[in-house]
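Hello,

I am handing over the structure we spoke about. My notes on it follow below.

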Amino acid sequence: MYLAHTLPQTHPVHKGILEFKKALNEKSGGKMNVKIFPDGQLGSEREALELLQIGSVAITKVSAATLSNFVPEYHVLGIPYLFKDKQHQFAVLEGEVGKSILQKGEKFWLRGLCYYDAGSRSFYTSNKAVRTPEDLKGLKIRVMNNQMAINMVNALGGSATPMSFGELYTAIQQGVVDGAENNAPSFVSSNHYEVSKYYTLDQHSSVPDVLLIGTKYWSSLSDQEKVWVQESADESSQAQKRFWQESVEQSMATAKKAGVEVIIPNKALFQEQSKSVLETFRKEHPEMNPIINKIIK
């Protein structure tokens, strides 16, 4: 089966996918083999999802933020400060709520298999340290082209600037934007730490990655093969969490060594200031309230 994703082969997600391939090969006694196309060889995340829908590719890994454009329930996972901590996040994702969201994609021909850890996103800036939400005022912050991310940065006082990730290094270097927000491994692997000297660990959102299988491919599998695929995905998810943690530790060490000032702010200030994002989302999407209530109960 073909598996496409956009990340480099050094990334903890790719290492998790290798675990999936290995487990599936072992469980099926070599009957099921995965051919991996990393580095965006088969296109962007959105293009990979479309390849799954038509059945050209079996499996892909995308951010829940990208997936929310196809399956609305994934929007919930991008709400700022939705999860109390990492433990709470994975209790939700691996429990009833997370599993029900994975299945919501079936009507769009996209069946979720499991979640991968993509850490927490925090702000990094080039010339001005961000210690409180006040410090974001007037700063142009690059965000993903995602309404939740745009609303969050604007609520915190910054000026949200959607832009492709590939253009970002030059944009920070040339002062087109003042900074961006991302997890530590992405901050370092993209070399953005070379042009951003402040990293503020406000950890405003924890949007997971999702491993998905196209329903066209899934329906062609026998019941036994489906069990093997799901079990292998679950095992790879646990291994990937360990790879992610190692990567965060290495990335933070690299950034500090390069002279990046790591700021540990009072998260409660950011949390308070971004509450309006949740309130607006609840009003605009009342059908999502039962899911939100189960998570923040």
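Strand β3 (residues 59-63) and strand β10 (residues 209-214) pair in the antiparallel sense over 5 bridges; strands pair here if DSSP finds at least two bridges between them. Within this pair, Ser63 stands opposite Asp209 of β10. Helices (H or I, at least four residues) and strands (E, at least two) are DSSP runs, numbered from the N terminus.

This is a predicted model, in which local features need pLDDT of at least 70 and side-chain atom pairs count only at pLDDT 80 or more, while totals for chains, interfaces and linings use all residues. Residues are numbered from 1 along each chain as its sequence is written, and side-chain values use heavy atoms, with hydrogens and water left out.

The open sheet has 5 strands in the order β2-β1-β3-β10-β4, with mixed pairing. β2 (35-37) and β4 (110-116) are at its edges with a single partner strand each, so one side of each has no neighbour in the sheet.

Helix α2 (residues 45-54) lies across β3, β4 and β10, at about 145° to β3 (axes are lines fitted to C-alpha atoms, for helices over the stretch in contact; angles run from 0 to 180 degrees between N-to-C directions).

Regards

Notes: Contact means heavy atoms within 4.5 Å.
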